[in-house]
Amino acid sequence: QLRLNSRPAAEVFIDGKSRGWTPLFDLRLQAGPHDIRLVYKSPLAAKVEERFRVMIQADKIWATVRDNRKRSAD
């Protein structure tokens with residue numbers, strides 16, 4: 001299972017297929033590697049997209065919160 005959240009919200013693509021927007025809770029995926037792409041539409045986002053790979057294990061939850069907010073220049 002996958003739990004995924006991001007700041008700001010992002011559209012989530014898993015193995016090239018759109019799976020909605022963050023947050024995603026307890027999304028069931030087959031065990032094994034999966035390619036994740038987050039696409040940020042918000043002007044608050046530092047990057048337009050982010051890519052990473054997750055390794056899903058049977059009967060375990062893989063969870064993360066991605067922080068892609070622009071930093072203020074104090």
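Me: Which order do the strands of the open sheet follow?
Reply: In this predicted model, the open sheet has 4 strands in the order β3-β2-β5-β6, and their pairing is antiparallel. Strands of a sheet pair through backbone hydrogen bonds, either parallel or antiparallel.

Me: And which strands stand at the edges?
Reply: Those are β3, residues 17-21, and β6, residues 49-56; each has a single partner strand, so one side of each is left without a neighbour in the sheet. From one strand to the next, the twist averages 25°.

Me: How many bridges are there between β2 and β3?
Reply: There are 3 bridges between β2 and β3, which pair in the antiparallel sense, and within this pair F13 stands opposite S18 in β3. The two strands form a hairpin with 2 residues between them, and in the turn D15 has a positive phi of about 55°.

Me: What about β2 and β5, how many bridges join them?
Reply: β2 is joined to β5 by 4 bridges, and the two run antiparallel; here I14 stands opposite I36 in β5. Moving on to the next pair, β5, which covers residues 32-39, pairs with β6 in the antiparallel sense over 8 bridges, and L38 stands opposite E50 in β6.

Me: Changing topic, how many salt bridges does the structure hold?
Reply: The structure holds 7 salt bridges. One of them joins the side chains of R3 and D26, with a distance of 2.5 Å from N to O. R3 lies in strand β1 (residues 2-7) and D26 in strand β4 (residues 24-27), so the pair ties together parts that are 23 residues apart in sequence.

Me: What does R66 meet in a salt bridge?
Reply: The side chain of R66 meets that of E50 in a salt bridge, at 2.8 Å from N to O. This pair links distant parts of the chain, since R66 is in strand β7 (residues 62-67) and E50 is in strand β6, 16 residues apart. R66 is partly exposed, with a relative accessible area of 21%, whereas E50 is buried, with a relative accessible area of 11%; the cut-off for buried is under 20%.

Me: Which residue forms a salt bridge with D67?
Reply: That is R69, and the closest N and O atoms of the two are 2.8 Å apart. D67 counts as partly exposed at 37% relative accessibility, and R69 is partly exposed with a relative accessible area of 39%. Elsewhere, R37, E49 and R51 are linked in a network of salt bridges.

Me: Now the rings: how many aromatic pairs turn up in the whole structure?
Reply: A search of the whole structure finds 1 aromatic pair. The pair is formed by F52 and W62, and it is stacked, with 6.2 Å centre to centre and 20° between the planes. F52 lies in strand β6 and W62 in strand β7, so the pair ties together parts that are 10 residues apart in sequence. F52 is buried, at a relative accessible area of 14%, while W62 is partly exposed, at 26%.

Me: Which residue lies over the face of F52?
Reply: R66 does, at 3.9 Å from the ring centre. In another case of a charge and a ring, the charged end of R37 sits over the ring of F13, 4.4 Å from its centre.

Me: Last topic, which residues touch the most other members of the largest nonpolar core?
Reply: Of the 15 residues in that core, L2, L4, V12, I14, I36 and L38 touch the most other members. β1, β2, β4, β5 and β6 each supply at least two residues of this core, and the largest share, 3 residues, comes from β6.

Note on methods: Residues are numbered from 1 along each chain as its sequence is written. This is a predicted model: local features need pLDDT of at least 70, side-chain atom pairs count only at pLDDT 80 or more; totals for chains, interfaces and linings use all residues. Side-chain values use heavy atoms; hydrogens and water are left out. Two strands pair if DSSP finds at least two bridges between them. Axes are lines fitted to C-alpha atoms, for helices over the stretch in contact, and angles run from 0 to 180 degrees between N-to-C directions. A salt bridge is a side-chain nitrogen of Lys or Arg within 4 Å of a carboxyl oxygen of Asp or Glu. Buried means under 20% relative accessible area, exposed over 50%, partly exposed in between (1.4 Å probe, protein chains only). Rings of Phe, Tyr and Trp (its six-membered ring) pair if their centres lie within 6.5 Å; planes under 30 degrees apart count as stacked, over 60 as edge-to-face and the rest as tilted. A charge sits over a ring if NZ of Lys or CZ of Arg is within 6 Å of the ring centre and within 35 degrees of the ring normal. A nonpolar core is a set of buried Ala, Val, Leu, Ile, Met, Phe, Trp, Tyr and Cys residues joined through side-chain atoms within 4.5 Å.
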